[in-house]
Amino acid sequence: RRGARVCRGRLGDWTRVTTCARSTRDISAHVQPTSLRWRTGEVRADVTLPKGAFAGNAASFAPATLRVARASGEGGSRVDADGTLASTVRAMDNGVRYDAGGKVQLRGDRSHAEIVARLGTSALPIAFTSDYDLARKRGRLRIDDAISWKAPLLAGTLERWQQPGDSTRGALRIDLTADYRFVGRQTFLDARGSLALDAVDGTWADYRLKGVTARTDFTLADGALALRGGDLTLEEAFVGATVRAIHAGFALTGQQLALDGLRASMFGGSARANDFTYAIDAGGADFTVALEGIQLAEVLKLQDQELSGTGPLDGSLPMQVRGNVAEVRGGLISARAPGGTIAYAKASEYAKNIGQPGFEFAVAALSDFRYTRMESSIDYDRGHVLKLGVKLYGHNPAIEDGRPINYNLNVSQNVLDLLRSLRATDEVSRQLENRLQRDAQPRGTPAGDTRTNPR
């Protein structure tokens, strides 16, 4: 009959459901000795669920609206219906909020839904389909979709995101097939598929990443995630110094992350690590980084603008990671033959003010030092202190007719302090460059207009 009806009951055995249904057309029924047949016109149902849990995550649900365009039944049990569904879900554990809506279809014990979920305030759409067997309490979820973003992703998706980093642009493609089933209050999920990241940029604290691309196949069974055939590249990473062309293959089994072919370009040369396994739960790994063709000129730029040099360097750095903190023990770097140069622009001026003849001679020789051999031991401890033991063999052609000079230098520096200084310098340089570009733009000239200012 026409009108409204409020029904209160229980959904399963874990929550309470309140339904307000309005029918815009009459419901007709025909009773036969052995069967009941019925049909309805349009029906709207507003369903309110209290706070509950799904797959171990606490969640709250805004009222869902189900509109049934038509429905029919036979035999007192089978129901066929077509309609639409709209709802909002907020996961309270991590602050994820999404609005979902789409088409739903019911044929007896089997349902089919085509839904689009829009994530957080960013409203990034993810389309998926779901087929569910009510009698067997199991179903299948399918996602084959892509999203892209040009604004902070995590801050726009997670309501309580307060971490010092985010992804500012990029694209994600996902191909997922997930089989799920309900047993009592438990949800079991088995999933498989592939993920692809393209041109992802992001920041974390003072670090910057650019052009992250990744591909991997994955499985999720009994709560355990596994990745296989993974491939990762980074166009550029800034961590105080710029590292480019980073590449690695990866695979994940349980808490073991296997990395192979890890390599990068840095300081005009390259770095390459042997294949190794990283224990995620313990935060530990052992591997060696081989350095090849590192340019001394690029390394010296980190220390002092008055200090310059030339020559390629090779070496190896034995790395030990424990509790996600890295150490280097017994590292060694040496210069390639025939050597190179080191020049300290203020050496002569500094030497004159020392007043110690032996030390004055050693400093003055650095004004134009031609080395034939250079060796350096390297140790880096858990307190982020870098210790270098440098040995230099060479001469200065202007000092005592170029007689041989040997140096033994011990250098100790906190790397975190150095990186903070470099990041601050880089930020000032970028802001200054932006200011100069703005000041160079003629007043009243639109951005991108290259015409000469007539004044």
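Is Arg336 buried, partly exposed or exposed? Arg336 is partly exposed, at a relative accessible area of 32% (buried means under 20%, exposed over 50%, partly exposed in between, with a 1.4 Å probe and protein chains only). The model is predicted: local features need pLDDT of at least 70, side-chain atom pairs count only at pLDDT 80 or more, and totals for chains, interfaces and linings use all residues. Residues are numbered from 1 along each chain as its sequence is written, and side-chain values use heavy atoms, with hydrogens and water left out.

**Salt bridges**
- The count is 16 salt bridges (a side-chain nitrogen of Lys or Arg within 4 Å of a carboxyl oxygen of Asp or Glu).
- Arg336 pairs with Asp314, with 2.8 Å between the closest N and O atoms.
- Asp314 lies in strand 24 (residues 312–322) and Arg336 in the loop between strand 25 (325–335) and strand 26 (340–344), so the link spans 22 residues of sequence (strands, E, of at least two residues, and helices, H or I, of at least four, are DSSP runs numbered from the N terminus).
- A salt bridge of 3.5 Å, N to O, joins the side chains of Arg110 and Asp133.
- Because Arg110 belongs to strand 11 (residues 110–119) and Asp133 to strand 12 (residues 124–133), this pair ties together parts 23 residues apart in sequence.

**Network**
- Arg140 and Asp179 form a salt bridge, their closest N and O atoms being 2.7 Å apart.
- Salt bridges with shared partners join Arg140, Asp179 and Arg192 into one network.

**Accessibility**
- Arg110 is exposed at 53%, whereas Asp133 is buried at 9%.
- Arg140 is partly exposed at 39%, and Asp179 is partly exposed at 25%.
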